[in-house]
Amino acid sequence: MNKDSFLHKAFDLYYDGFRSMRLGKTLWAIILIKLVIIFAILKVFFFPNFLKEHAQGDESGYVANELVERAN
């Protein structure tokens, strides 16, 4: 990558900024832990796979049928 390119300059800006942070690293770690909790743990326990339970293998047909029935 060319060192004069926009992407390289943007990467250097953020890399230098995050490298010198002390509190910022802790805050980013907290943010990442919260995202893992939200998307991994909560999804598994609180959001079941509705299509897999109700469609029995024909997901696209089930969705099409539901859309047609609800439109009428």
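The dialogue below moves from confidence and overall form to single residues.

Me: What does the chain average in pLDDT, and where is confidence lowest and highest?

Reply: The model is predicted, and the chain averages a pLDDT of 85, with 99% of the residues scoring at least 70. Confidence is lowest in helix 3 (residues 50–55), where the mean is 83, and highest in helix 4 (residues 59–71), at 91.

Me: Which secondary structure elements does the chain have?

Reply: The chain has four helices and zero strands. Along the sequence the pattern reads α-α-α-α.

Me: How does the radius of gyration of the chain compare with that of a compact globule of 72 residues?

Reply: Such a globule would have a radius of gyration near 11 Å, whereas the chain has 23 Å. Along the principal axes, the C-alpha atoms fill a box of roughly 60 × 30 × 25 Å. As for burial, 4% of the 72 residues count as buried. The accessible surface comes to about 6800 Å², and carbon and sulfur atoms account for 68% of that surface.

Me: Does helix 1 lie largely in the open or largely buried, and why?

Reply: The number of buried residues among the 14 of helix 1 is one, so helix 1 lies largely in the open.

Me: How is a pair of aromatic rings described, and how many aromatic pairs are there?

Reply: A pair of rings is described by the distance of the centres and the angle of the planes. With centres required to lie within 6.5 Å, the count comes to one aromatic pair. The ring centres of F11 and Y15 are 5.7 Å apart and the planes stand at 15°; because planes under 30 degrees apart count as stacked, this pair is stacked.

Me: Where do F11 and Y15 lie in relation to each other?

Reply: An α-helix has 3.6 residues a turn, so residues three or four places apart point the same way. F11 and Y15 both lie in helix 1, four residues apart, about one turn of the helix. F11 counts as exposed, with a relative accessibility of 52%, and Y15 is partly exposed at 46%.

Me: What is the phi of Q56, and where is Q56 found?

Reply: Most residues other than glycine have a negative phi. Q56 has a phi near 50°, a positive value in a residue other than glycine. Q56 is found in the loop between helix 3 and helix 4 and counts as exposed, at 66% relative accessibility.

Me: How far apart are H54 and L67 in sequence and in space?

Reply: H54 and L67 are separated by 13 residues in sequence and by 14 Å in space, C-alpha to C-alpha. H54 has its place in helix 3 and counts as partly exposed, at 35% relative accessibility.

Notes: Residues are numbered from 1 along each chain as its sequence is written. This is a predicted model: local features need pLDDT of at least 70, side-chain atom pairs count only at pLDDT 80 or more; totals for chains, interfaces and linings use all residues. Side-chain values use heavy atoms; hydrogens and water are left out. Buried means under 20% relative accessible area, exposed over 50%, partly exposed in between (1.4 Å probe, protein chains only). Helices (H or I, at least four residues) and strands (E, at least two) are DSSP runs, numbered from the N terminus. pLDDT is the predictor's confidence in each residue, from 0 to 100. Rings of Phe, Tyr and Trp (its six-membered ring) pair if their centres lie within 6.5 Å; planes under 30 degrees apart count as stacked, over 60 as edge-to-face and the rest as tilted. The radius of gyration is taken over C-alpha atoms; the globule rule is 2.2 Å times the number of residues to the power 0.38. Accessible areas come from the Shrake-Rupley method with a 1.4 Å probe; for residues, only the protein chains shown count as cover.
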